[in-house]
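I opened the two-chain file and kept notes as I went. Here are my entries.

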Amino acid sequence: MKFIISTILTALLCFVLGLYLPWWSIAIGAFIVALAVHQAGWKAFLSGFIALFLLWSGHAWLISEANEGLLAKKISLLILNIENPFLLILVTGLTGALVAGLAAVTGSLARKIV
Amino acid sequence: MRRYLSFAAAALATIGLVYTLDSRQVLPAPLGKLLSPQHGIWQNAEPANQSFNLNLSFPQLSEPVSVYIDERLVPHVVAQNEPDLYFVQGYLHARFRLWQMEFQTHAAAGRISEILGPGPDNRILNYDRSMRRLGMVYAAEQSVKEVEKSSESLSQYQAYADGVNAYIDQLTISELPIEYKLLGYFPEKWSLLKTALFLKYMSYDLAGAESDLEFTNARATFSQMDYEQLYYFLADSLKPVIPNTVLNPYPTAPAMNLEPPADADSLYFSFMNAGDTVSNVPENKPNPENGSNNWAVSGAKTASGRPILANDPHLSLNLPALWFEMQLTTPEFSAYGVTFPGSPNVIIGFNEHISFGFTNAGRDVKDYYEIKFKDGTKSEYWFNGEWKKADKRVEIIRVKGQQDLLDTVSYTLFGPVMYDDTYRADDQAERYLAVRWKAHDPSNDGRAFYELNHAKNLEDYKAAIQYLTCPGQNCIFASKTGDIALTQQGVFPAKWRRQGDFIMKGTDSSYMWRGMIPVEENPRMINPERSYVSSANQLAVDGSYPYYTGTEFPIYRGYMINRLLDSMQGITPQQMMELQMNDYDAKAEFAKPILMRTNPASLNESARKYFDLFRNWDFRKAVGAEGATVFEFWWQQLQRSVWMDEFEQTDLMMPWPSEFTLVESLKRDTAYSFIDNISTSQKESLEDLLAQSLNLASDTLDKIAATTGLAWEKVKATRVNHLLKVITPFNRTNLPIGGGKGVINATAADHGQSWRMVIHMTDDIEAYGIYPGGQSGNPGSRFYDSFVDDWAAGKHYRLLFMKRGTTSDPQIKWTMEFRKG
């Protein structure tokens, strides 16, 4: 339960922060949630990771669907050297997930100090 | 302790990862910043059903402005006064084309290394230096001063800049055009100088081309007789833009003394003088094919009895396109056509009374003078028997990832000393070459477009084009009331024959331009008896015009347009659109009798096959035409076989003869002296060269046949590249379109019809047009390249010219309301 709540909270907080702050605010969001909702390090990581993977890949997927994949085709070719919008969505999700996961671990470890 | 350590380790790892994904230090791109769906490139992915309805308010506006946007994303702006109109024009240009506007002005100002770095072998930095040293920024500053003298122009340009800045001011990081995100920089505020830079870039593109340094090399290499044979400019099949007729005669004598200087024979026309050469000719030059077609037929030749005007400017094909379609309306006027993002006004188009268009005059208004400096400080130069002080201008070139480069340029009364000891024209000799360029002179050329947008009749047109000084243009005109006109307009130097084709003496005034040709002596034609006017960058006049008009002009497009218009009657707009797409190759027609002299017995097996392909070809550079490919490669090889031995006498760069030179020379004389290969002992004949060159071309043709196939459009492979070229997914390539160099549809590989327009001057104005691009500059928008396929298919769109007072139309999809507030 705690795991699900912290995952949802992370996704929500990161989205809201993203409205006002640069992209790296996801690290702050994941850190704060992990600090507030205590979990073991690996659980905190997973929770931040899953939250941002779902948030970023989901958001990217919605945008790309509305855009009919037009830009994702071009950017995937540019960055990944292959025309595959889904791969770009996956890489997007993993990028956010990694940052949030690490930030959440940091938050969970900070909690132990406090 | 361990807790603290693991916390610190995790915190460091997080910060390290964020840094990695936020910068370009570790990965080539800041992946986090770019891929964040709320900030990065995803935000540029415009929904396919994007609405462009908007309500905006700006304190700069005095009255409401409505913008009706049609299904092709063309904005129809209706304002109550001009400052409001140009404010909104600036806003909309920025909304749809901001990155391109700024990039092009950076290119004009020599500031590309600032965003892209110095480039491989300093290519980009050298480009920037060439633009700075040519005095592009200096020229733009001169024209800003001139604009500031006219309160109307000043308020127009200021309103436009305010509109651009109103957009930039409210732009968020997530809305930044994608190129800024990918390259990692931000837009600057717009200014009058930026608009002036953009217009100067057009001067550079259209009146910045010359081959004077290369011709200087050719003078050193060839005898005068050979030189005149290789580089004659009055082609036999030339149909000048304005013929000399009894009813419309040229001036009989020049308005000033145009005797060449006394020492010209010994000094200037010193052929085969091996010492006077330059090893480093300019690397960056405007595309030599920059040109256009335009024509207007009067009511006497049309089915409706009303004039029809057509114009298709041939420029580099890019995405985002150079052009942006708009309709601009106030209570005073309503103009429609293509605009330049970066400048107010409609540039090529029509209003409720008249239509107007341009082709390039191509006159040489850029010459070089050899300067003698007193010493290495380059602060004093010898002129008319005394040392004169040179001004110095320090160009600060910012280079991404490097120190700024300070480049000092001396300015003489000729102009900037572009080439000196730090920017060398020649590897051996230290040469100081000043550029005299008409574009440096103060002028307010943009005013010509403003006045044309407002023009109601022939007299207004005549007055409007007076503002055009450089680049010189063939300004075409047609009115509802039945007038047609064409003027080669510009302020052109009055030159003696071949003045400025070579580097000139700069130690005194003897080789300076003696003055400008009086504007009323510019070639013009108003309502001619033949009932049409036309131009296609050919020489405006024949040899009886009393001023030298320069060299290097194409002739075949002009020849074909006149040949076809001469015989046409009862013309419809449909036929004019077809004429724009005409792909008949007149040069091939003229070349065929020569090529048919080939003895098939001297051809190898595959060459014989290609010979038959050529023989059965109908001279059309059409989609699927294999004969066109054979002709192109065969003719190029024949030119090399004829001339390469003479050109290989030196390593110096020299101009290749014009497109008509070989075909006309061989028609005149099959024993053309250049046929003999000077590096062999035997005497070659034309027949030897014909067979030899087709045999040689066959090897290349065999390879092409085995890869892409011989179909003309496959070999030509027309493409429309993104301005940065290197972001290949933003390019459109392999477009199936015919045409090419030297035919009316001048669509070459990356250059061609940048806008096709046909205007029928009926009561409501029946207008057609298309350009190879799309209204949006955003590669993530469906409007980025939405016209490209129709353009390649040779189509034109029927343009929606909204009538005054209408606020809706079935084609209007969205509305933007601008208000004071």
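**Entry 1**

I began with strand β23 (residues 718-722) of chain B, which runs antiparallel to β24(B) and is joined to β24(B) by two bridges. Strands here are DSSP runs of E with at least two residues, helices are runs of H or I with at least four, and both are numbered from the N terminus. Two strands pair if DSSP finds at least two bridges between them. I looked up B:T718 and found its bridge partner in β24(B) to be B:L735.

Then I traced the whole sheet. It is open, has three strands in the order β6-β23-β24 (chain B), and its pairing is mixed. Which are the edge strands? They are β6 (318-319) and β24 (732-735) of chain B, and each pairs on one side only.

A note on the source: this is a predicted model, where local features need pLDDT of at least 70, side-chain atom pairs count only at pLDDT 80 or more, and totals for chains, interfaces and linings use all residues. Residues are numbered from 1 along each chain as its sequence is written, while chains are lettered from A and ligands numbered from 1 in the order in which they are written.

**Entry 2: strand β2 of chain B**

Next I took strand β2 (residues 65-70) of chain B. Is it mostly covered or mostly open? It is mostly covered, with five of its six residues buried. Buried means that 20 or more other C-beta atoms lie within 10 Å of the residue's own; exposed means 12 or fewer, partly exposed is in between, and C-beta atoms are placed from the backbone.

I listed the partners of β2(B). Strand β29 (residues 812-820) of chain B pairs with β2(B) in the antiparallel sense over six bridges. There, B:Y68 stands opposite B:T815. Strand β3 (residues 75-78) of chain B also pairs with β2(B) in the antiparallel sense, over four bridges. On that side I found B:S66 opposite B:V78. The hairpin of β2(B) and β3(B) has four residues between the strands, and B:L73 takes a positive phi near 70°.

**Entry 3: two helices crossing**

I turned to helix α3 (residues 82-108) and helix α9 (residues 192-207) of chain B. They pack at an angle of about 70°, with their axes 8 Å apart. Axes are lines fitted to C-alpha atoms, for helices over the stretch in contact, and angles run from 0 to 180 degrees between N-to-C directions. So α3(B) is roughly perpendicular to α9(B), a label for angles of 65 to 115 degrees.

Which residues of α3(B) make the contact? They are B:Q104, B:T105, B:A107 and B:A108. From α9(B) come B:K194, B:L197, B:F198, B:K200 and B:Y201. Contact means C-beta atoms, placed from the backbone, within 7 Å. By class I noted five nonpolar, two polar and two charged residues. Ala, Val, Leu, Ile, Met, Phe, Trp, Tyr, Cys and Pro count as nonpolar, Asp, Glu, Lys and Arg as charged, and the others, Gly among them, as polar.

**Entry 4: where the chains meet**

I checked the contact between the chains: it takes 35 residues from chain B and 34 from chain A. On the chain B side, α1 (2-22) and α2 (31-35) each supply at least two residues. I noted that α1(B) gives the most, with twelve residues. The chain B side divides into 21 nonpolar, nine polar and five charged residues.

**Entry 5: chain A**

Last, I looked at chain A. It has five helices and zero strands. Buried residues make up 54% of its 114 residues.

Terms used. Parallel < 35°, antiparallel > 145°, perpendicular 65-115°, else oblique. Contact = placed C-beta atoms within 7 Å.
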